[in-house]
Number of protein chains: 2
Amino acid sequence: MTTLLHHIGFLGFDVFGTVVDWRSGVARAARPFLERYDIDVDPFDFADEWRSLYQPAMQAVRSGERPWVRLDVLQRENLETVLARHGADFGAIAGADLADLNRAWERLDPWPDAVEGLTRLKQRFPIGALSNSHIAGMLHLSRFGRLPWDAILGAEIARSYKPQPQAYLKSAETVGLPPHEVALVAAHNSDLQAARACGFRTVFVRRPQEHGPKQRTDLAPEHDWDVVADNLIELADLLGCPQLSR
Amino acid sequence: MTTLLHHIGFLGFDVFGTVVDWRSGVARAARPFLERYDIDVDPFDFADEWRSLYQPAMQAVRSGERPWVRLDVLQRENLETVLARHGADFGAIAGADLADLNRAWERLDPWPDAVEGLTRLKQRFPIGALSNSHIAGMLHLSRFGRLPWDAILGAEIARSYKPQPQAYLKSAETVGLPPHEVALVAAHNSDLQAARACGFRTVFVRRPQEHGPKQRTDLAPEHDWDVVADNLIELADLLGCPQLSR
């Protein structure tokens, strides 16, 4: 059991990549769409391309270049950008199919350890999503994967995208705690770095397959994070959370 | 099964009185405090007095007389008001005891049907708190009583107290639905009336003991609410939610 345990009143989780496998889920949703509309791109490459526009789109909001918009709006714009690159004929694509594909981010499988790990962690700590997702998207994703959050915090509550400080600080304030009593659990060093700068405790979870077999980033902790775990079940072990009764 | 079922994408619940028994819980928390500080008032009367200041305090925010503040701030002010009326010696009262008593609202028992009813309803509908409570208070209350919310919405999200329209409308917007696809579940006719005026569907739950044995208000539905139920298990039955496997 780590000393982290004694100070923490809330565990906030990055979700895309840390708790759920976005790449497989987006590719799974894209495959029939790409076939139906005869768009010639591998579904995993499509997922990677769509994901690659995620940070730049949020950056336009972070920089103040455009006012706050929810993540589903950015994801939809990015989807159309990627489809246009591959020569999609928007006149032929049913609006409902496009809207449905945009909801792929609400139907992503949790990593195999996630539900058991979260359920165990929840026995001892309040747990919540601390994601850049909009609340409705997180709600649907949580129901899809049976993620047992106590609360959904993050970007929409703060009207500010991570890694901007407000996203972390407003989440801590909303659960009524000072930053040093909240831990961020994330598979991304940059997210943890920003959280630590706000005073959060930090938990790195290794997700070496998040970006597929050729992943080069975030393979290892790059700073002395408070806790490092291979998955959320190991994290529950490290934090002394009891096993589930079967 | 009622026709309500076919249109609803989210069930939002009033919590104090509808899901949890605030009067018994506040009296339970107040009893040892009142004894320790020799304050001569029956704990149930104390709970009623504290509760009676709830609407006027929110009204000052609704009217714009004072800026938005979270419910725990109002409850703390009201607590001090009631204690002062009964001659409390604030110099003698430990700050920690006062803060702890204010958190009585986070340690209220669910009505006996609530957890089973919510768990069944959750199998078919996304469910959430649509309360005037602050999010942290609702989070603690939910963990105390094991209320299985998918999301916590309501006043703090909207920075607006029910029955102001914004509290309902912002909650619906946050879950990504038009008002007519959201239902409010409440034991209070006035709450349902305001929700209906915003376009919500309405579910009245009878809680004839919320204010104790002498309750005179909200004993019956005063309008043609879409659904009326005696408790949340009956509501799950009416909405065709399966029994829980044991």
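Start with the two domains of chain A in this predicted model: the C-alpha centres of domain 1 and domain 2 of chain A are 24 Å apart. To colour them, select 3-21 + 108-238 of chain A for domain 1 and 23-106 of chain A for domain 2.

Now bring up the place where these domains meet. Here 19 residues of domain 1 of chain A contact 13 residues of domain 2 of chain A. On the domain 1 side, select α7 (135-145) and α8 (155-158) of chain A, the elements that each give two or more residues to that side. The most comes from α7(A), with four residues. Colour this side of domain 1 by class and you will find six nonpolar, eight polar and five charged residues.

Next, move to helix α6 of chain A, residues 114-124. Show the side chains and pick out A114(A), G117(A), L118(A), R120(A) and L121(A), which are buried. They lie on the same side of α6(A), because they cover an arc of only 165 degrees around the axis.

Last stop: the contact between the chains, which takes 12 residues from chain B and 12 residues from chain A. On the chain B side, select α7 (135-145) and β3 (151-154) of chain B, the elements giving two or more residues. Which of them has the largest share? That is α7(B), with five residues. By class, the chain B side has seven nonpolar, three polar and two charged residues.

Terms used
Residues are numbered from 1 along each chain as its sequence is written. Chains are lettered from A and ligands numbered from 1 in the order in which they are written. This is a predicted model: local features need pLDDT of at least 70, side-chain atom pairs count only at pLDDT 80 or more; totals for chains, interfaces and linings use all residues. Domain bounds come from an automatic or database domain assignment. Two residues are in contact if their C-beta atoms, placed from the backbone, lie within 7 Å. Ala, Val, Leu, Ile, Met, Phe, Trp, Tyr, Cys and Pro count as nonpolar, Asp, Glu, Lys and Arg as charged, and the others, Gly among them, as polar. A residue is buried if 20 or more other C-beta atoms lie within 10 Å of its own, exposed if 12 or fewer, and partly exposed in between; C-beta atoms are placed from the backbone. The arc is that of the directions from the helix axis to the C-beta atoms.
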